[in-house]
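Please examine the chain displayed below before reading on.

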Amino acid sequence: LHPDEAYVTRPAHGLLVTGKLRPKRVKGEPAYVYPPLLAEILALECMAFYPLSDWTSLRAVPAASVRMAGRVTTLTAGVLSVALLALLARRLTGSLGAGALAGAVLALSPLHAESSRYATTDVLAGLWVLLAAWAAVRIVDEGKWRHYVLGAVAVGVAVATKYPAGVSCVLIAAAHVCRPGIFRSRREQVKPGVAVLVAVATVLVVLPPGLVSWQALLRGASHA
């Protein structure tokens, strides 16, 4: 067992049993060591295996099943990360071989392979950061509204998965600044502001205040 799995699986199991995200409390640590997006995903996955009329049986779902769902989710995120990195490298270099090499390096990385085995937030957060990097590259190349929105959503879910992943917002900001001709158009200057609003809205949607204690979240972020 990975010691950090409990910070994800216990809130997920609590959501199934009580309908509330009950964080794993440890003396001296913040209530939310990690933002609970992954816990919400695991709870939804468990719900998907039960008909609407039988959701009361979710109270009997064993913690081991929640942990296994988390590990499958993390493994899936790990595979998708390899594919996305390969696509990103291919777009940056124009070489299929470079893309395949980048994907292979990540796939064979001992840290990535090890992290993909457990129900922790690292691999999923990495996937969102890669998605933000993809959006950043598209912003530099084309700078269409959909690229800013994609990048903002990626940053939002990254923050909701792991606090430090919020640095991915730098990718979107840097891409905007590096885009040729942005200072010659007022319309272009509006896009970063809209992206910020979309990122904030994404966090509020995936971590609704009625389900998550935002006071505890902010306290956890200050300890990250």
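In which loop is Thr-121 found? Thr-121 is found in the loop between helix 5 (110-115) and helix 6, and it is discussed again below.

**Basis of the report**

This is a predicted model, in which local features need pLDDT of at least 70 and side-chain atom pairs count only at pLDDT 80 or more, while totals for chains, interfaces and linings use all residues. Residues are numbered from 1 along each chain as its sequence is written, and side-chain values use heavy atoms, with hydrogens and water left out.

**Overall fold**

The chain contains ten helices and zero strands. Helices here are DSSP runs of H or I with at least four residues, strands are runs of E with at least two, and both are numbered from the N terminus.

Of the 224 residues, 45% count as buried; buried means under 20% relative accessible area, exposed means over 50%, and partly exposed lies in between (1.4 Å probe, protein chains only). Contact means heavy atoms within 4.5 Å. Among contacts between residues at least 6 apart in sequence, 72% join residues at least 24 apart.

**Helix 3 and helix 6**

Helix 3 (residues 63-93) packs with helix 6 (residues 122-141) at an angle of about 20 degrees, their axes being 9 Å apart. Helix 3 is therefore roughly parallel to helix 6. Axes are lines fitted to C-alpha atoms, for helices over the stretch in contact, and angles run from 0 to 180 degrees between N-to-C directions. Angles under 35 degrees count as roughly parallel, over 145 as roughly antiparallel, 65 to 115 as roughly perpendicular, and the rest as oblique.

The crossing of helix 3 and helix 6 is left-handed; this term applies if the near helix is turned anticlockwise from the far one by less than a right angle, and right-handed applies if clockwise. Residues making the contact include Thr-74 and Leu-84 of helix 3 and Leu-127 and Trp-134 of helix 6. By class, the contact of helix 3 with helix 6 has 15 nonpolar, four polar and three charged residues. Ala, Val, Leu, Ile, Met, Phe, Trp, Tyr, Cys and Pro count as nonpolar, Asp, Glu, Lys and Arg as charged, and the others, Gly among them, as polar.

The crossing of helix 2 and helix 3 is right-handed.

The axes of helix 1 (residues 6-18) and helix 3 also come within 9 Å, crossing at roughly 120 degrees. Helix 1 and helix 3 are therefore oblique to each other, and their crossing is right-handed. In this pairing, Thr-9, Ala-12, His-13 and Leu-16 of helix 1 meet Ala-63, Val-66 and Arg-67 of helix 3.

Thr-121 counts as buried because its relative accessibility is 1%. Leaving aside neighbours within four places in sequence, Thr-121 is in contact with Val-8, Tyr-34, Leu-38, Thr-161 and Lys-162.

Glu-142 lies in the loop between helix 6 and helix 7 (145-161). Glu-142 has a relative accessible area of 26%, so it is partly exposed. Not counting residues up to four places away in sequence, Glu-142 touches Arg-91, His-147 and Arg-179.
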